[in-house]
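Okay, everyone, let me put this one up on the screen.

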Amino acid sequence: MADTTLVSVESPPVERAAAPRVKLLKTGVSRRTAWLLRVASVVVPFVLWWAVSGSGIVPDRFLPAPPEVWAAFTEMAASGDLQSDLLASLGRIGAGFALAVLISVPLGFLMGTVSWAQPLFEPIIGILRYLPASAFIPLLIIWLGIGETSKIALLVLGVVFFNTLMTADVVRQVPRRLLDVSATLGAGRARVAARVVFPHALPGILDALRVNAAVAYNLVVVAELIAATSGLGYRITRAQRFLQTDKIFAILIVIGLIGLTIDVTLRVVRARVGRWSA
Amino acid sequence: MSLRFEGVSMAYTPGVPVLEHIDLEIPPGEFVTIVGASGSGKSTLLSLVAGLTRATEGRITLDGRPVEGPGPDRGMAFQSPSLYPWRTVERNVAFGLETRDMSRQARKERVAWLLDEVGLTEHAAKLPGSLSGGQQQRVSIARALARSPRVLLLDEPFGALDVQTKEDMQLFIRRIWRDLGTTVVMVTHDVEEAVFLGRRVLVLASDPGRVARDLRVEPPGEGLEVKRTAAFLAVRAQVEDLVRREHRAHLAAAHA
């Protein structure tokens with residue numbers, strides 16, 4: 001075969017590459033499989049619970065079976081205790097979280113936009129946020145008594161510092177160029193803050209709120225475990241006194257479902273507001 | 001009545017001037033392109049005109065009034081289109097108009113006219129994220145033009161675009177310039193682009209930045225085919241040599 005050419009006009013056939021075997025990253029999962037996995041994620045533990053409690057390995061008093069929990073749930077719902085406890089807890093979360101947001105979002109916005117605010121507030125908030133909010137409970141009781149104020153104050157303490165720093169971070173991420181462009185378009189400082197920085201930061205602020213709503217939600221139950229006469233946490237302590245594990249389970253499930261609802265709601269709002277950043 | 005630099009110097013760090021003693025007069029309606037090696041302060045020059053940076057010495061005047069900060073008489077577009085990603089195309093263009101006491105109707109008409117001028121009418125209601133790079137840059141230029149600036153400042157506006165889109169945009173910006181009669185000052189690192197678009201090409205020297213050459217360019221035609229003519233290639237080569245010499249000098253200075 002002396003017939004060699006330097007330039008080949010026809011390209012040689014390309015071998016089809018073998019399918020990659022290792023799928024550690026970005027592995028595709030079909031929508032159907034994903035949904036199956038989501039359902040399994042909830043159903044499998046539930047079935048395990050039912051099986052273990054039904055097998056009699058664990059005393060009923062420690063691990064009540066789902067039907068008993070359901071019975072406890074309907075009983076509490078019928079007496080109205082559940083609703084009033086739920087309202088009490090949600091009221092505290094609403095008040096505490098709202099207050100925390102009213103403080104932390106403007107403060108974080110200030111820290112992210114005004115040059116003197118960052119060095120003034122960051123060090124102290126950086127220290128305070130590492131103090132566990134629940135460690136303040138005794139102090140709050142001494143200062144504010146065992147009423148509503150101390151519980152709401154606990155929620156504020158647990159949320160406000162993290163939310164401030166997270167807000168400040170998001171606000172700082174507005175690109176320099178966007179601010180420059182806005183200035184050349186005749187926008188003054190106030191207008192840039194309201195029409196450029198705020199809308200740019202809003203999806204990130206909502207992300208921070210979603211994370212910290214979970215914190216507030218956890219803390220309200222903690223607050224009610226200590227000194228309360230109403231609320232879901234209080235109901236759990238009462239049930240503990242009478243070894244009513246079925247009631248405790250029912251309340252835990254209610255807490256979980258309400259938490260999930262709050263999370264999903266915030267996710268939906270975030271997705272709508274932040275369509276552009278997706 | 002023009003854009004004037006009077007002994008303008010600029011140093012971000014005292015003692016290390018980025019621009020030194022720039023004296024320049026750009027009459028209304030001129031299309032000026034600025035090329036230069038890195039370190040020549042091209043972008044700083046535009047930033048000074050825009051009022052985003054203050055000169056350390058000298059002054060810049062526009063129609064006799066000194067530039068003291070950003071203002072709507074000078075529109076600017078950057079290499080990254082920097083659009084408001086949450087605003088639709090038409091609301092991006094409208095941003096500069098929302099500050100003035102302008103009736104809704106008048107604003108709507110102005111935006112519609114601008115979108116027509118840049119050929120994006122059908123994309124008016126889209127978010128910038130769904131547009132191509134060239135389209136985004138058109139929106140950015142339309143937004144800069146909204147308040148009929150005396151000067152349009154372009155900082156490497158087509159630097160991130162592919163070659164075909166870039167050539168489309170070159171014809172586009174020339175048409176805009178023809179239609180509106182605005183002064184255009186454009187910084188670019190692409191000598192071909194500078195010679196093709198500019199009726200006047202400024203070559204900046206580095207360390208510190210100053211005007212090394214001020215060339216008048218009269219290309220023998222309008223279309224992209226001009227780029228292949230001998231006359232065009234000769235001017236382009238001349239400018240490229242100048243820029244290259246400054247680039248070498250800059251490197252030598254950096255290693256000294």
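So, H1 of chain A has a kink of about 30°, and the kink is centred on Ala40(A). Keep in mind that this is a predicted model.

What does the end-to-end span of that helix look like? H1 of chain A covers residues 31-55, which is 25 residues, and at 1.5 Å a residue that should come to 36 Å.

Now, is H1(A) largely buried or in the open? Of its 25 residues, the number buried is 1, so the helix lies largely in the open. And just after H1(A), you'll see Gly56(A) with a positive phi, about 85°.

Over to chain B. It's divided into domain 1, which is 1-73 + 155-256, and domain 2, which is 81-148. Taken over C-alpha atoms, the centres of those two domains of chain B are separated by 26 Å. How many residues are in contact there? 12 residues from domain 1 of chain B meet 9 from domain 2 of chain B. On the domain 1 side, that's 9 nonpolar, 1 polar and 2 charged.

Last bit, the two chains together. Chain A puts 15 residues into the contact, and chain B puts in 21. Which element gives the largest share of chain B's side? That's strand S6 of chain B, residues 74-77, with 3 residues. By class, the chain B side that touches chain A has 11 nonpolar, 7 polar and 3 charged residues.

Terms used:
Residues are numbered from 1 along each chain as its sequence is written. Chains are lettered from A and ligands numbered from 1 in the order in which they are written. This is a predicted model: local features need pLDDT of at least 70, side-chain atom pairs count only at pLDDT 80 or more; totals for chains, interfaces and linings use all residues. Helices (H or I, at least four residues) and strands (E, at least two) are DSSP runs, numbered from the N terminus. The expected span of a helix is 1.5 Å times one less than its number of residues. The bend at a residue is the angle between axes fitted to the seven residues ending there and the seven starting there. A residue is buried if 20 or more other C-beta atoms lie within 10 Å of its own, exposed if 12 or fewer, and partly exposed in between; C-beta atoms are placed from the backbone. Domain bounds come from an automatic or database domain assignment. Two residues are in contact if their C-beta atoms, placed from the backbone, lie within 7 Å. Ala, Val, Leu, Ile, Met, Phe, Trp, Tyr, Cys and Pro count as nonpolar, Asp, Glu, Lys and Arg as charged, and the others, Gly among them, as polar.
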